[in-house]
Amino acid sequence: MALTKVAALQIGSSPEGKAKTLENIMQYEQQIKASGAKLVVMPEAILGGYPKGETFGTYLGYRMPEGRDAFSAYYHNAITLPGEETDQLAGLSARTGASLVVGVIEREGSTLYCSVAFIDPEKGYIGKHRKLMPTGTERLIWGQGDGSTLPVVNTPAGRAGTAICWENHMPLLRTAMYAKNVEIWCAPTVDERDVWQASMRHIAHEGRCFVVSACQVQASPKEYGIDVPGWDADRPLIQGGSVIVGPLGEVIAGPMKNQEGLLTGDIDTDILPGARYDFDVVGHYARPDVFSLSVDEQPKKTVIFK
């Protein structure tokens, strides 16, 4: 067996903005290095923030001026890919020897995307994934990704791919990722519910892969100075729940709740063929004579100049 350490870094976005959040990430450098982790997954929207409870002044049929101001502030707290923040993360990756999978709010033009940045210890920023389908009112503030950002990348821990939060509930997306032989399924999220743990165990068992899910943890709305209708002001906005799962659905580490920290676990990708011998969902357990999936990986541009 060749055990490799992987980790989920459970922290929350700072209300002071992306610079402070990045500073908080960097404070884990020695802990990451000491752990020996070869892959570290960070939560959804950790850089840029997940604005839970924010309405952006929108009601059906009209927008309030203060909502435009709120969105403008959110826009300016987003990052570009690549950019200054990924340069700093590349330094962290190089110094610790760990590949990083980082949830960010990405800015391109006047549009925001909920994305994941892949950082390599030797090459730095190597690519991204954009959430294909923002959930519910997320569609008001985030654009949709396309099939051109569905990478599976080689890391020191194994072949890693990602799906963000409720993208994990899209069966066809999961099928496409399984077909790319993903070995470590990275699931940045802000979903703190118990049912999320069931989803992570299901995906590990279905894909016969390791799953590393990193969730944000955030204090109560009272501490953030916001009012969330119907929410207990003393209850944490996001309670965490980061977890690491093995390819037969067994929990290796976590879930971690109501605290920040680095959750680590040992994995061995050499056991995956054995895990898949009786169930390979895109291999011998598939029925291509009955079902097939076509994936369009071409970038979709509104304007094309020739």
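Here are some questions and answers about the structure above.

This is a predicted model, so local features need pLDDT of at least 70 and side-chain atom pairs count only at pLDDT 80 or more, while totals for chains, interfaces and linings use all residues. Residues are numbered from 1 along each chain as its sequence is written, and side-chain values use heavy atoms, with hydrogens and water left out.

Reader: What distance separates the end C-alpha atoms of helix H7?
Author: Helices here are DSSP runs of H or I with at least four residues, strands are runs of E with at least two, and both are numbered from the N terminus. The expected span is 1.5 Å times one less than the number of residues. H7 has 14 residues (194-207), so it should span 20 Å, and its end C-alpha atoms agree with that, being apart by 20 Å.

Reader: Which residue forms a salt bridge with Arg208?
Author: A salt bridge needs a side-chain nitrogen of Lys or Arg within 4 Å of a carboxyl oxygen of Asp or Glu. Here the closest N and O atoms are 3.5 Å apart, and the partner of Arg208 is Asp278. This pair links distant parts of the chain, 70 residues apart: Arg208 sits in the loop between H7 and S11, and in the segment after H9 we find Asp278.

Reader: How many residues apart in sequence are the parts that Glu108 and Arg130 tie together?
Author: Glu108 and Arg130 form a salt bridge, with their closest N and O atoms 3.3 Å apart. Glu108 belongs to strand S5 (residues 99-108) and Arg130 to strand S7 (residues 124-130), so the parts tied together are apart in sequence by 22 residues.

Reader: What is the relative accessible area of Gly57?
Author: Gly57 is in the loop between strand S2 (39-41) and strand S3 (58-59). Leaving out residues up to four places away in sequence, Gly57 touches Tyr62, Arg63, Met64 and Gly67, where contact means heavy atoms within 4.5 Å. Gly57 counts as buried because its relative accessible area is 9%.

Reader: In the hairpin of S13 and S14, which residue takes a positive phi near 90°?
Author: Two strands pair if DSSP finds at least two bridges between them. S13 and S14 pair in the antiparallel sense, over 4 bridges. Their hairpin has 5 residues between the strands, and the one with that positive phi is Gly249.

Key
Buried means under 20% relative accessible area, exposed over 50%, partly exposed in between (1.4 Å probe, protein chains only).
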